[in-house]
Amino acid sequence: MKNTFTLLIIFFSISSIYAQRPGGYSSGDAQITGKISGQLMDSESNEPISYASIVVKKDDKQINGTISEDDGSFKITDLPLGQYKVLISFIGYETTTLDAELTPKNPDVNLQTVKLSGGIKQLDEVVVQGEKELVENKIDKIVYNAENDVANKGGDASDVLRRAPLLNVDLEGNVSLRGSQNVRILVNGKPSSMFASNPGDALKSIPADNIKSVEVITSPSAKYDGEGTAGIINIITKKSAPEGFAGSIDTSIGTQSNRGVLNINAGKGRLGVNTSASAFYSPEREGSFDYYREDIIEGQSRILSEKGPNLSNRLGFFGTASAFYDFNAFHSVSTSFRLRGFSSDRTNKVDGSFEDPVNNISQQYNRNTITDNLFSGYEWSLDYIYKFPGTKGQELSASYKLDGNIQNQDYLIQQQDTNGSDSNLFQDQRNNNDGTNKENTVQLDYVHPFNDNIKIELGGKAILRDVDSDFQYDTLNTTTGNYNNDPTRTDLFIYNQNVGAGYISSTFKFGEKYGLNAGVRYEYTEIEGHFKVQDSPFSNNYHNWLPSATLSRKIGKFNTLKASYSRRIQRPSMRVINPYVEINNNRSQSFGNPSLDPELTDQYELSYGMFVKQFSINTSLFYRKTTQTIESFLDVNDEGLATTTYRNIGENESFGVNFYSSVTMLKFITLRGGINVYTYNTSGIINDQKLTRKAVVWDGNLNSSFKFNKGWKADMFGFFRAPRQTLQGTNPSFSIFIVGVNKEINEKFSLGVRIVEPFFADKEFGGELKGENFIQTTNTSIPFRSFGINLTYKFGKLDFNQRTRKSKINNQDQGTDTQQGQEF
């Protein structure tokens with residue numbers, strides 16, 4: 001870790017130089033910002049007025065604007081001190097103009113209740129949209145505003161990601177970005193160990209109702225972690241800090257899934273608290289499984305065939321609690337805690353046969369495989385932000401995060417031969433794995449704007465990961481009826497990974513049309529591991545320079561052209577390094593590979609975006625080259641035992657194009673959709689044999705939204721992904737069709753219906769793998785049609801009345817990155 005400490009010392013030195021700049025707070029030159037808030041009411045009915053335009057002007061120039069909420073409330077933040085005109089307008093009402101002065105002593109002005117009278121005046125020169133677009137294309141990312149999509153009601157995070165541009169999610173919840181599963185998933189900008197072992201199950205535990213938006217970052221700058229060769233997905237959860245107390249209850253009851261979510265938000269002065277708790281349950285459902293493998297041994301065919309039903313269910317919970325406090329305009333602190341748990345039980349009942357003419361085995365059998373999985377975890381984070389008073393945007397932040405993840409897996413295999421036997425190999429078996437993953441993370445970031453056109457960002461980070469995997473394997477003694485431990489397959493695996501990183505990133509604006517973001521990130525990785533019983537320690541160290549650059553040009557008012565380059569790293573995750581041997585059945589097992597090297601990817605991208613009011617287009621071309629590509633690989637030995645593990649299979653090159661468009665028609669219909677087409681071109685040397693595979697893969701989605709009168713909304717969503725390619729063959733394709741209808745009954749109640757796959761009760765997923773001496777096909781059928789009813793109830797009352805505070809300068813903005821107050 002010597003490199004890590006050197007980086008942090010350099011970072012502290014640079015930060016302290018900037019921190020000691022002259023320019024302390026004074027009432028004349030400190031760039032304090034404030035806010036203007038209030039509530040709009042009809043002067044006759046005293047009903048709140050929602051979606052009205054509120055515009056702030058200074059010297060006849062528009063400074064900022066917003067629209068009123070459902071309860072008539074509004075808030076405009078980050079306003080420099082001074083005198084303003086506040087113009088309020090709405091169709092059918094007279095335009096109202098009010099004066100507001102923000103001073104160092106009272107930077108927050110509450111207009112309290114503003115009553116509008118009927119009339120025809122309105123602002124002609126200002127257009128404030130009443131709702132964010134579902135998809136926004138920003139300079140460095142694409143943002144999907146999930147909270148505005150009615151079809152997400154009652155779903156989970158995997159349902160939300162399926163609707164985001166460029167992403168696809170398979171049946172198991174595994175996420176791909178433009179064809180690659182090597183993505184980095186963040187929650188509110190921070191990594192989480194919940195995605196380390198099984199990201200699909202982790203996504204299923206997060207309710208869709210908790211997600212505000214999803215950011216898709218294909219070419220991350222140097223300030224982001226180097227992990228994720230395909231890019232970064234940042235899930236932003238809902239947070240609010242109203243003055244007073246408010247909350248909501250969301251419930252979803254359906255044939256395949258049931259979920260309940262409770263949200264509570266409270267705020268007073270500079271203190272804000274947000275809590276959320278959810279539980280979900282998927283009742284037992286029965287599917288089917290069909291497996292066929294043919295091995296060519298000494299010129300003869302050996303055939304393994306299995307089929308039968310499988311039963312599965314899910315149960316889990318997810319809870320969060322967060323709080324922030326603004327000491328004044330320059331110091332703020334926030335903390336959050338998450339707790340999660342998830343269980344999944346599965347029973348497979350198989351009728352099988354094994355015909356091996358080489359070893360003279362002819363066998364028919366019945367087998368039950370019972371699997372119990374339990375996942376749980378916790379996260380606690382603490383963040384501090386200091387905003388320098390002399391320069392707007394100059395900021396120093398420090399963060400600490402403790403992250404724990406527990407995964408327990410138990411397998412029981414019971415087999416009864418009905419014809420023939422192979423008793424030396426096929427005893428009843430049970431195996432289990434109790435795994436823990438603990439992470440400690442410290443991060444420092446500094447932002448220094450030199451002027452409106454130049455900004456420098458630099459920072460340092462240290463991650464300490466400690467992973468334990470305690471696995472045990474037992475076989476049944478048919479004489480005594482007891483299970484005996486197999487010491488050769490029982491051990492404790494201890495794995496430590498430490499990562500130190502430092503970065504510098506710069507942003508430049510050249511005139512009104514050109515922009516450049518360029519930087520470099522250095523990451524040093526230190527790995528060591530050992531087994532408690534086996535004497536086989538190992539270690540590995542490597543360092544990587546990860547440059548990135550993005551050049552953008554505005555074409556006219558609504559078009560943007562962008563070219564970017566980035567180098568990314570993908571370290572092996574816990575689920576691919578864990579050496580625990582998972583016995584899927586008596587002739588199939590899988591295990592991880594702790595000796596894997598990381599993937600390195602160089603990506604070049606050219607993109608074009610056009611946004612004109614109700615019509616948008618985004619398209620991009622990309623080339624991606626990955627070395628030391630990690631994939632699962634299947635081998636079959638002479639006895640017919642199939643083993644699956646992970647390998648650095650070689651090199652992959654991918655050319656691709658993606659297209660996304662959205663259009664609003666007739667003011668109440670929005671159509672949006674996208675398609676990704678890319679190549680899979682992989683080659684490598686496995687077992688002294690050169691293997692290559694080429695294919696063209698595609699996926700796409702289409703969504704239509706309808707907004708009718710009297711609070712009615714409807715949504716239809718369809719998605720298809722072609723079979724995923726590997727060096728040995730294909731994994732199943734995936735498609736889904738969802739229809740949702742929602743009715744806002746009043747301010748507090750809304751009712752909806754969600755139908756998944758109305759035209760197909762079951763869905764089938766087939767795959768095929770080929771090796772030097774085998775061919776394997778699988779087909780799984782799962783009940784998919786689902787009908788659900790969603791109910792949302794909002795309670796509490798927000799208070800926007802003026803309050804007296806002890807501080808001379810204060811602010812109660814939502815979130816720690818915009819809150820201001822008086823300096824210590």
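**Notebook: aromatic rings and a nonpolar patch**

I looked up the aromatic pairs and found 26 in the structure, which is a predicted model.

I began with Tyr 386 and Phe 388, an edge-to-face pair with 4.8 Å from centre to centre and 65° between the planes. I then checked the cover on both residues. Tyr 386 counts as buried because its relative accessibility is 16%, under the 20% limit. Phe 388 is also buried, at 9% relative accessibility.

Next I took Tyr 623 and Phe 655, which form a tilted pair: the centres are 4.7 Å apart and the planes stand at 40°. This pair links distant parts of the chain, 32 residues apart. I placed Tyr 623 in strand E33 (residues 615-636) and Phe 655 in strand E34 (residues 642-665).

I noted one aromatic cluster, made up of Phe 493, Tyr 495, Phe 531 and Phe 538.

I turned to charges over rings. Arg 489 lies over the face of Tyr 473, at 3.6 Å from the ring centre.

Last entry: the surface. I found a nonpolar patch of Phe 708, Trp 712, Val 741, Ile 745, Phe 749, Leu 751, Val 753, Ile 789 and Leu 791, which together have about 770 Å² of accessible area. Strand E41 (749-756) and strand E44 (786-798) are the elements that give two or more residues to the patch. E41 gives the most, with 3 residues.

I also looked up Val 741, a patch member that sits in strand E40 (residues 734-744). Val 741 is partly exposed because its relative accessible area is 31%, between the limits of 20% and 50%.

Terms used: Residues numbered from 1 in each chain as written. Predicted model: local features only at pLDDT ≥ 70, side-chain atom pairs only at ≥ 80, totals over all residues. Heavy atoms only, no water. Phe/Tyr/Trp six-rings, centres within 6.5 Å; stacked < 30°, edge-to-face > 60°. Buried < 20%, exposed > 50% of the residue type's maximum accessible area, 1.4 Å probe, protein only. Helix = DSSP H or I, 4+ residues; strand = E, 2+ residues; numbered from the N terminus. Lys NZ or Arg CZ within 6 Å of the ring centre and 35° of its normal. Patch = residues over 30% accessible without salt bridge, like charges linked within 9 Å, V, L, I, M, F, W, Y side chains within 5 Å. Areas by Shrake-Rupley, 256 points an atom, 1.4 Å probe, with all protein chains shown as cover. Salt bridge = Lys/Arg side-chain N within 4 Å of Asp/Glu carboxyl O.
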